[in-house]
Amino acid sequence: MCNRAVSNILAKWEAEEPYQYGAPLLALAGESGTSFVVSDLHLGAGLATDGTSDGLENFFADAAFTRFLDWANRRTSSGKATLIINGDFVDFLRITTLPVSEDDFARWRKILTELSISKTIDELKQSITDRERKYGLKTDDYKSVFKLSVVAKGHQPAFDTLAVWVGQGHRLIIIKGNHDLEWYWRAVRDRLRVILAQNIVRLQAAPDMTTALTSHVLPNTIFADHGVVLDGDMYLEHGHQYDKYSHVLGPAVLPGGTELNIPFGSFLNRYLLNMVELHYPFVDNVRPAQNLLPLLIRERFFLALKLLFYHIPFLILIIPKRYYRYMLARVLPLAAVLAAPIGLLLWNLKGPLAAILRGGSTSSIAQGLAGQLVLPVASYFLGRLIAYLQLLEPSTLNPFARDFFRGSPQYRMATFGHTHNPDQFTDGNHHYCNTGTWIPVVETSTADLRTDLTYTFLEIGRDAQGLPLPPFLQRWDDDGGRAELLRVIRAD
């Protein structure tokens, strides 16, 4: 099938509901089938040609995800099911792979031509800046298309599984999160459609691209810019809008219309945490998050120094001016509190150090040092307290969920993601779940990877009237090949 034919087919979609992209909410019918909800898969660049993954990769569940969807398909073999990926499906922020060879640029150009984007190979080469060579491509639509292609190649089993899902007539709904804001671009959404269609043809589930696109992918793949309302009864959104570091300030696109307006937290990921994780994988998965810097100081002292004295100053330089006040209002009090004990300690150590040089007694010197350290230690814990109060991202969205139900009582159920912490509660007639994540969670040390709270999902069945039943969190037990209820401990 020629590139022009693919482009013409794609151009006809998203013109009518429910395929329109950009609406505040998509109101969809569940079509009387079971719905499954997952979130925060965070697919990165995946496996390279040498069989390794870089330190930015977090999703290692391609095979488990395949077995999960096989199970879900068997559960709904008599009807049309829906898979909802509620944000952060693809982690565009963590893709630093670049085109290198002439073949890389030729393939990139061919992909763009299929999407009606005209770029010469020379234009593509010249578009990559020195900063992008270090930190990865920016958020232009054609560069985001390249990053998605990298992810699809590195995670072929997962994308094959999604192709089989829509090829069997099931529906796929993708809700935008803060790590995959790039779904905003029509070219990126179309690239995923083409990838799924190509996989369907390769797996011999359709004879050609035209059939794969028009009969399987396009009717069954829906993108949501913000949130989805299912059967007028259940509300779904990623939840990053409630996180001050992850919601976008201002319009979706920067002036000029070629790059996305990314939030403050995305700058942290792109220009700070990525540089750390390339040397020390899984650091960004540490829970609770306030343990990150102490962990680095304890286990990677010189990396922590580089973070403090190189990466953070550089980050401050490249943050857009509109974020200066937003950032400094929270960082300056912390910096002042942390700097104060260091300065005070150096000042107070003048006496004991001078005594050492004069040859004073060991006991008197020790007493002097102990007395001088009391205030700096107290100041350190005060700094930790301020860090906890001002710089900690929310570990739970429960308060926002309760506020949501108060403001929108017409919805019986709601689900968010984003925090990577699975949770649920019932409040009167309202039921809320957070679908957690499918990537490892780290407890204070990257030597301790937890899987007992991952691979979490919702299965939404229907009552006799066809309305969604309140779901309970489940976890896919890949070793046992079955789903089990996730035990959520309520802390009142």
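Seven strands form an open sheet of mixed pairing, in the order 5-4-3-2-14-15-16. Two strands count as paired if DSSP finds at least two bridges between them. Strands (E, at least two residues) and helices (H or I, at least four) are DSSP runs, numbered from the N terminus. The model is predicted, so local features need pLDDT of at least 70 and side-chain atom pairs pLDDT 80 or more, while totals for chains, interfaces and linings use all residues. Residues are numbered from 1 along each chain as its sequence is written, and side-chain values use heavy atoms, without hydrogens and water.

Strand 5 and strand 16 (482–485) stand at the edges of the sheet. Each has a single partner strand, so one side of each is left without a neighbour in the sheet. The twist averages 30° from one strand to the next. Axes here are lines fitted to C-alpha atoms, for helices over the stretch in contact, and angles run from 0 to 180 degrees between N-to-C directions.

Strand 2 (residues 35–38) and strand 14 (residues 456–460) run antiparallel and are joined by 3 bridges. In this pair, V37 stands opposite L458. Helix 7 (residues 156–167) packs on the sheet and touches strand 2, strand 3, strand 4 and strand 5. Its direction makes about 125° with that of strand 4. Helix 8 also packs on the sheet, touching strand 4 and strand 5, and its direction makes about 155° with that of strand 5. Contact means heavy atoms within 4.5 Å.

Strand 4 (residues 171–175) is mostly covered, with 5 of its 5 residues buried. Buried means under 20% relative accessible area, exposed over 50%, and partly exposed in between, with a 1.4 Å probe and protein chains only. R171, I173 and I175 point one way from strand 4, while L172 and I174 point the other way. In a regular strand the side chains alternate between the two faces of the sheet. Strand 4 pairs with strand 3 (residues 82–86) in the parallel sense over 5 bridges. There, I174 is the bridge partner of I85. Strand 4 also runs parallel to strand 5 (residues 221–224), with 4 bridges between them. L172 stands opposite T221 in strand 5.

The largest nonpolar core holds 78 residues. Such a core is a set of buried Ala, Val, Leu, Ile, Met, Phe, Trp, Tyr and Cys residues joined through side-chain atoms within 4.5 Å. F65, F68, L83, F89, F159, W183 and W438 touch the most other members. Helix 8 (residues 186–202) gives the most to this core, with 8 residues. Another core, of 18 residues, lies apart from it and includes V37, I173, C433 and L458.

In helix 9 (residues 209–220), M209, A212, L213, H216, V217, L218 and N220 are buried. Seen down the helix axis, these residues fall within an arc of 165°, so they line one face of helix 9. The arc is that of the directions from the axis to the C-beta atoms. At the start of helix 9, a side-chain oxygen of D208 reaches to within 3.2 Å of the backbone nitrogen of T210.

N220 has a relative accessible area of 5%. A polar atom of its side chain lies 3.5 Å from the backbone oxygen of V166. Leaving aside residues up to four places away in sequence, N220 touches K80, V166, G169, H170, R171, L172 and S215.

Overall, the protein chain has 16 helices and 16 strands. Of its 492 residues, 52% count as buried.

Technical notes. A polar contact is a pair of N or O atoms within 3.5 Å; within protein, one must be able to donate a hydrogen and the other to accept it, and residues adjacent in sequence count only if both atoms are side-chain atoms.
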